[in-house]
Amino acid sequence: DVLAAHRVDLARCLIGHQDQETDVNRLAAVAERGSFIGIDRVGQPSFASDEHRIELVTALLARGHRDHVCLSQDRSCCLRASSLLPTGMADFDPPMTEQVSGRQDFVFTDFVPRLIDAGVPEETIEHIFTANPRRLLTGTSVSS
């Protein structure tokens, strides 16, 4: 609502970190307004399980929102300097042993096969990883 009120082109917006959402209706409403839904912390169990992420993705796809789903890992590939974080935040992230941040291919080698097992067609996965980011970044229409 805030972005729309400021006349932002909602088709150029990705609303990220939606993997903790439990109400698919809220995500569907965002997609219906034209924005992209970022399920972008794949492989990070501290925020949500990948099973939950798969449920969100398949529910959005079942509602016809394949044109508005974006997937990623959203992790850096280096250790962060916890001494630079504000007091009380040093333990925010789980230990590196619990993260897949060093595995840049996790979304493709582990998550995508699970989406396929959940019934997501490979054509849809290709669309999510190529057409959607292209439209988000270039502003082209769905039919382009």
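**Entry: ground rules.** I note that this is a predicted model, in which local features need pLDDT of at least 70 and side-chain atom pairs count only at pLDDT 80 or more, while totals for chains, interfaces and linings use all residues. Residues are numbered from 1 along each chain as its sequence is written, and side-chain values use heavy atoms, with hydrogens and water left out.

**Entry: the chain as a whole.** I counted 6 helices and 3 strands in the protein chain, taking helices (H or I, at least four residues) and strands (E, at least two) as DSSP runs numbered from the N terminus. Following the sequence, I read the pattern α-β-α-β-α-β-α-α-α. Of the 144 residues, 40% count as buried, with buried meaning under 20% relative accessible area, exposed over 50% and partly exposed in between, for a 1.4 Å probe and protein chains only. Among contacts between residues at least 6 apart in sequence, I find that 66% join residues at least 24 apart.

Entry: G38 has its place in strand 2, and with a relative accessibility of 1% I record G38 as buried. The C-alpha atoms of G38 and L71 are separated by 6.0 Å, although the two residues are 33 apart along the chain. I then looked at S35, which lies in the loop between helix 2 and strand 2 and is buried, with a relative accessible area of 4%. Not counting residues up to four places away in sequence, S35 touches L10, C13, I15, V30 and H68. The C-alpha atoms of S35 and D9, 26 residues apart along the chain, are separated by 8.6 Å.

**Entry: R41 over F47.** Where does R41 lie relative to F47? I find R41 over the face of F47, at 4.0 Å from the ring centre; the criterion asks that NZ of Lys or CZ of Arg be within 6 Å of the ring centre and within 35 degrees of the ring normal. R41 is in the loop between strand 2 and helix 3, and F47 is found in the loop between strand 2 (36-39) and helix 3 (50-62). R41 counts as buried at 7% relative accessibility, and F47 counts as buried at 19%. Leaving aside neighbours within four places in sequence, I list H17, D19, Q20, F47, R53, S72, Q73 and D74 as the contacts of R41. For D74 I also noted the C-alpha to C-alpha distance to R41, which is 5.3 Å across 33 residues of sequence. F47 and Q18, 29 residues apart along the chain, have their C-alpha atoms separated by 10.0 Å.

**Entry: positive phi.** I kept in mind that most residues other than glycine have a negative phi. R7 has a positive phi of about 60° although it is not a glycine; R7 lies in the loop between helix 1 (2-5) and strand 1 (14-15) and counts as exposed at 78% relative accessibility. H17 has a positive phi of about 55° and is not a glycine either; H17 is placed in the loop between strand 1 and helix 2 (24-32) and is partly exposed, with a relative accessible area of 39%.

**Entry: the aromatic pair.** I found 1 aromatic pair in the structure. The rings of F108 and F129 have their centres 4.9 Å apart and their planes at 45°, so I call the pair tilted, given that rings of Phe, Tyr and Trp (its six-membered ring) pair if their centres lie within 6.5 Å, and that planes under 30 degrees apart count as stacked, over 60 as edge-to-face and the rest as tilted. Because F108 lies in helix 4 (residues 106-117) and F129 in helix 5 (residues 122-129), the pair ties together parts that are 21 residues apart in sequence. F108 counts as partly exposed at 48% relative accessibility.

**Entry: helix 5 against helix 6.** I find helix 5 and helix 6 (residues 131-138) packed at an angle of about 25°, with their axes 3 Å apart. That makes helix 5 roughly parallel to helix 6, a label for angles under 35 degrees. E126, H127, I128 and F129 in helix 5 meet A131, N132, P133 and R135 in helix 6.

How values were computed
Axes are lines fitted to C-alpha atoms, for helices over the stretch in contact, and angles run from 0 to 180 degrees between N-to-C directions. Angles under 35 degrees count as roughly parallel, over 145 as roughly antiparallel, 65 to 115 as roughly perpendicular and the rest as oblique. Contact means heavy atoms within 4.5 Å.
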